[in-house]
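I opened this notebook to record what I looked up on pockets and aromatic contacts. The entries follow the order of the searches.

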Amino acid sequence: MLNFFKKLFKASYVLHPLRTLLIIGVIVTSVSSNLHWGQDHWKNILEADAKGYYAYLPAIFIYQDLNFGFFDKIEKGTYYNSNLFYDYRSFAHGKIINKYFCGTAICQLPFFGIAHALSPFMGFEQDGYSQLYLVMVNVAAIFYLLLGLFFADKVLQKRRISANARAIVLLAFTLGTNLFYYTIGECGMSHVYSFALISLFVYLLQGYVEDGKWMKLNAALALAGLIVLVRPVNGLVVLSAVFIAGNGDVLKNRFLYALKHIGKIVPGLVVGLLFPLLQLLSYKVYYGHFVVYTYINEAFHFTLTNLNDFLISYKKGMFVYTPMLVLSLVGCFVLFKKSAFEGWSFVLFLLVVLYVLSSWWNWWYGGSFSSRVMIDYYIFFMIALASLIQAATTKLSRRLLIGLVIAITLFTQIQTYQYRYYKIHWEEQTKDRYWREFMRIDKL
């Protein structure tokens with residue numbers, strides 16, 4: 001590993017993004033298998049919200065019960081754990097309902113299918129919650145991490161970012177942000193799935209902007225529906241089309257071109273609408289209403305934004321616990337230098353996302369490491385960081401920048417380690433506690 005970093009500092013050393021993806025795959029698989037797959041550790045794979053996301057799969061394919069009547073048998077019975085107990089159900093229109101949308105379950109479906117088919121042959125119960133099912137949830141997260149990174153690399157390649165810079169960014173965002181933790185630590189959460197889908201969305205939309213091919217726009221529109229079904233607030237990603245267009249004339253021409261030939265994008269619009277319609281139809285069948293608000297007493301408070309806390313608080317501050325994003329935002333200056341339109345569209349899109357996400361009543365999003373909801377949008381930060389690295393043309397500036405990336409990565413890995421062992425509290429972190437435990441890895 002030391003030799004790898006020494007080579008990384010050499011300007012002549014070329015990193016290949018695909019080899020980098022292979023390295024990342026080996027790392028996250030090794031760490032995941034060590035942490036989760038053996039002994040009874042697999043029982044910790046599904047936590048909190050992740051239980052609700054996943055529950056649709058056993059509900060439909062094993063128990064045929066979208067009223068989730070099997071909850072007591074599983075959560076309070078066979079797999080009871082007082083430390084991980086979580087009731088993902090809500091109560092609406094006089095009936096019990098899953099609080100969460102089913103999009104993450106759709107992403108996990110192929111892996112659930114593999115576990116369901118193989119469980120009897122491997123001696124596991126076919127109940128949706130035995131060891132192989134949960135291990136495959138972890139495998140799904142690894143798959144979507146690599147898928148997201150693959151398309152992130154494609155996006156950067158289209159922006160003419162060098163192979164070296166692309167590989168560095170892939171490593172930086174895998175190992176130097178909370179994306180790493182939400183792939184191996186809380187792998188059932190929706191964020192790594194959203195990261196993959198949004199990266200693919202940007203790649204497809206970027207392709208349409210470049211060549212005007214309807215297949216790419218249709219695929220992007222269809223994917224937008226799945227993105228909303230995984231996490232409804234991520235519908236905000238459609239606003240990124242302004243930034244992806246790159247300049248006002250291209251945006252106007254592509255938009256008018258699509259309107260003029262709207263019949264050609266009907267397939268994408270229909271499929272895109274079908275995804276959220278799945279959720280609405282399930283509500284209608286089981287609860288008698290198409291629209292059911294399951295987040296009882298929870299809402300956005302747009303006039304009471306907590307943006308400052310969201311960004312820099314010791315509780316969950318995005319910049320405090322994920323400083324790679326601070327370095328990434330320096331890349332905004334490069335975007336502005338390239339094009340004022342591109343720079344402003346990037347900044348304004350990011351501000352809208354930050355404003356909306358920080359306006360949720362629970363702006364710290366419960367027990368979590370850093371501002372987990374921003375993981376979904378990391379492709380945009382990756383573009384900014386890649387632009388910054390590409391702009392470092394001298395040997396000295398490139399080495400300083402790479403050195404800073406490595407330092408931040410090590411810093412984040414230590415904080416991830418601290419979070420895993422409760423030195424950083426999952427919800428009630430304070431300034432005193434932060435500095436008392438700062439960079440300590442002893443006595444864990």
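I count Ala, Val, Leu, Ile, Met, Phe, Trp, Tyr, Cys and Pro as nonpolar, Asp, Glu, Lys and Arg as charged, and the others, Gly among them, as polar. On that scheme, the lining of the largest pocket has 28 nonpolar, ten polar and eight charged residues. Lining residues have an atom within 4 Å of a point of the pocket, an open set on a 1 Å grid over the protein atoms alone where a 1.4 Å probe fits, with protein on both sides within 12 Å along at least five of seven lines.

The model is predicted; local features need pLDDT of at least 70, side-chain atom pairs count only at pLDDT 80 or more, and totals for chains, interfaces and linings use all residues. Residues are numbered from 1 along each chain as its sequence is written, and side-chain values use heavy atoms, with hydrogens and water left out.

I next searched the whole structure for aromatic pairs (rings of Phe, Tyr and Trp, the last by its six-membered ring, with centres within 6.5 Å; planes under 30 degrees apart are stacked, over 60 edge-to-face, the rest tilted). The search gave 52 pairs. One of them, Tyr56 with Phe68, is edge-to-face, at 5.7 Å centre to centre and 85° between the planes.

I then checked burial (under 20% relative accessible area is buried, over 50% exposed, in between partly exposed; 1.4 Å probe, protein chains only). Tyr56 is buried at 6% relative accessibility, and Phe68 is buried at 1%.

I also noted a cluster linked by ring pairs, with Tyr181, Phe369 and Trp435 among its members.
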